[in-house]
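Subject: Structure handover

Hello,

I am passing this structure on to you. Please open it alongside this message; my notes follow below.

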Amino acid sequence: MTRKKVKLAFIVNDSARKATFKKRKKGLMKKVSELSTLCGIDACAIIYSPYDSQPEVWPSPLGVQRVLSKFKTMPEMEQSKKMVNQESFLRQRITKASEQLRKQRKENREKEVTQAMFQCLTGKINLANLNMIDLNDLGWMIDRNLKDVEKRVETLNKRSRSSTGGTSHTSQLAAVAATGAGPSNGGQQAPESSQKADVLAATNLGVNVDSMLRQQWFMDMVTPQETAMGFGGDIDNMMLPFGDTNHNALFSNPFFPLN
């Protein structure tokens with residue numbers, strides 16, 4: 001059976017607060033003892049409470065004095081380097097939680113914009129129903145995906161050119177060896193460097209045309225068509241509405257940079 005999560009708040013009931021104090025104090029003393037024994041460090045604990053006239057110390061008054069004397073001999077900067085009170089501890093927790101929340105919101109926004117991008121391609125979202133912030137985020141996501149696609153295409157084209165270049169060079173050497181290069185063959189043979197230049201130019205032309213066709217196809221899919229997209233006035237059927245009927249943004253501040 002799992003333990004119930006304790007709410008960190010002041011216990012109003014006196015008897016319950018006293019029982020909790022005794023239980024937690026015993027556990028704290030045990031933890032300090034275990035830490036000192038397992039790690040071989042100097043540690044002490046002093047606990048004041050309204051239920052006892054004298055403070056409770058661990059391991060002993062002499063042991064506490066020895067640890068405190070060692071602490072006081074340290075430089076002031078070293079003493080306060082890792083020292084925190086309740087206020088500073090809570091501030092650190094709040095700052096950390098705020099950063100985690102910001103990252104999670106950005107991650108959620110990226111997922112929503114990615115889903116919207118694919119829904120635009122299938123005609124499930126009409127771009128006319130999105131406001132400026134949503135359109136800016138959508139454009140940023142499309143640009144990022146286009147850059148990834150272009151990098152992948154460029155890598156594949158480089159591999160293709162390297163393999164094609166090697167094959168063309170072998171074929172040219174075989175053709176020269178078979179036909180010869182002298183005037184007795186009835187014609188003049190073009191220089192090998194000129195042939196390589198022609199093959200490279202043809203390959204580059206094919207690569208550029210192929211890249212342009214891919215980019216044009218993608219942009220045609222993203223561009224909204226009046227006859228193919230839209231919801232027929234029923235905005236509630238949108239799978240991912242970025243704005244309400246008043247064209248308010250899903251988030252007050254965009255997470256993606258303006259173009």
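In which helix do K111 and E107 lie, and how many residues apart are they? They sit in helix α4, 4 residues apart, which is about one turn of the helix. Please keep in mind that this is a predicted model.

**Overall layout**

The protein has 6 helices and 2 strands. Along the sequence the pattern runs α-β-β-α-α-α-α-α. There are 259 residues in the protein, and buried ones make up 19% of them.

**Helix α4 and the coiled-coil record**

Helix α4 covers residues 86-122. An unreviewed UniProt entry places a "coiled-coil region" at residues 87-114. In the model that span is 100% helix and 0% strand. Its end C-alpha atoms are 41 Å apart.

Two salt bridges are worth a look here. One joins the side chains of K111 and E107, at 3.5 Å from N to O. K111 has 52% relative accessibility, so it counts as exposed. The cut-off for exposed is over 50%. E107, at 37%, counts as partly exposed.

The other joins E87 and R91, with an N to O distance of 3.4 Å. These two are also in helix α4, 4 residues apart, and so are separated by about one helical turn. R91 counts as exposed, because its relative accessibility is 55%.

**Other salt bridges**

The count for the structure is 11 salt bridges. One of them is between the side chains of D42 and R66, at 3.7 Å from N to O. D42 is in the loop between α1 and β1, while R66 is in helix α2 (residues 61-72), so this pair ties together parts 24 residues apart in sequence. D42 has a relative accessibility of 42% and therefore counts as partly exposed.

There is also a network. Salt bridges with shared partners join K25, D52 and E56.

**The aromatic pair**

How many aromatic pairs does a search of the whole structure find? The search gives 1. The partners are F21 and Y51, with ring centres 5.4 Å apart. Their planes meet at 45°, so the pair is tilted. Tilted is the class left between stacked, under 30 degrees, and edge-to-face, over 60.

F21 belongs to helix α1 (residues 14-39). Y51 is in the loop between β1 (45-47) and β2 (56-58). The pair therefore ties together parts that are 30 residues apart in sequence. Y51 is partly exposed, with a relative accessible area of 31%.

**The cavity**

What does the cavity search give? It counts 1 cavity of 30 Å³ or more. The volume of the largest cavity is about 30 Å³. Which residues line the largest cavity? The lining is F21, K25, I47, Y48, S49, D52, Q54, P55 and E56. By type, these divide into 4 nonpolar, 2 polar and 3 charged.

F21, from the aromatic pair, is in the cavity lining. K25, D52 and E56, joined in the salt-bridge network, are in that lining too.

**Where to look**

For a quick tour, begin with the helical span at residues 87-114. Then go to the D42 and R66 salt bridge. Finish at F21, which pairs with Y51 and also lines the largest cavity.

Best wishes

Terms used: Residues are numbered from 1 along each chain as its sequence is written. This is a predicted model: local features need pLDDT of at least 70, side-chain atom pairs count only at pLDDT 80 or more; totals for chains, interfaces and linings use all residues. Side-chain values use heavy atoms; hydrogens and water are left out. UniProt positions are given in the numbering used here, feature names are shortened, and annotations may be inferred rather than shown by experiment. Rings of Phe, Tyr and Trp (its six-membered ring) pair if their centres lie within 6.5 Å; planes under 30 degrees apart count as stacked, over 60 as edge-to-face and the rest as tilted. Buried means under 20% relative accessible area, exposed over 50%, partly exposed in between (1.4 Å probe, protein chains only). On a 1 Å grid over the protein atoms alone, a cavity is a set of points where a 1.4 Å probe fits but cannot get out, and a pocket is an open set with protein on both sides within 12 Å along at least five of seven lines; lining residues have an atom within 4 Å of a point. Grid points are joined across faces, edges and corners, and a volume is the space filled by probe spheres set on the points. Ala, Val, Leu, Ile, Met, Phe, Trp, Tyr, Cys and Pro count as nonpolar, Asp, Glu, Lys and Arg as charged, and the others, Gly among them, as polar. A salt bridge is a side-chain nitrogen of Lys or Arg within 4 Å of a carboxyl oxygen of Asp or Glu.
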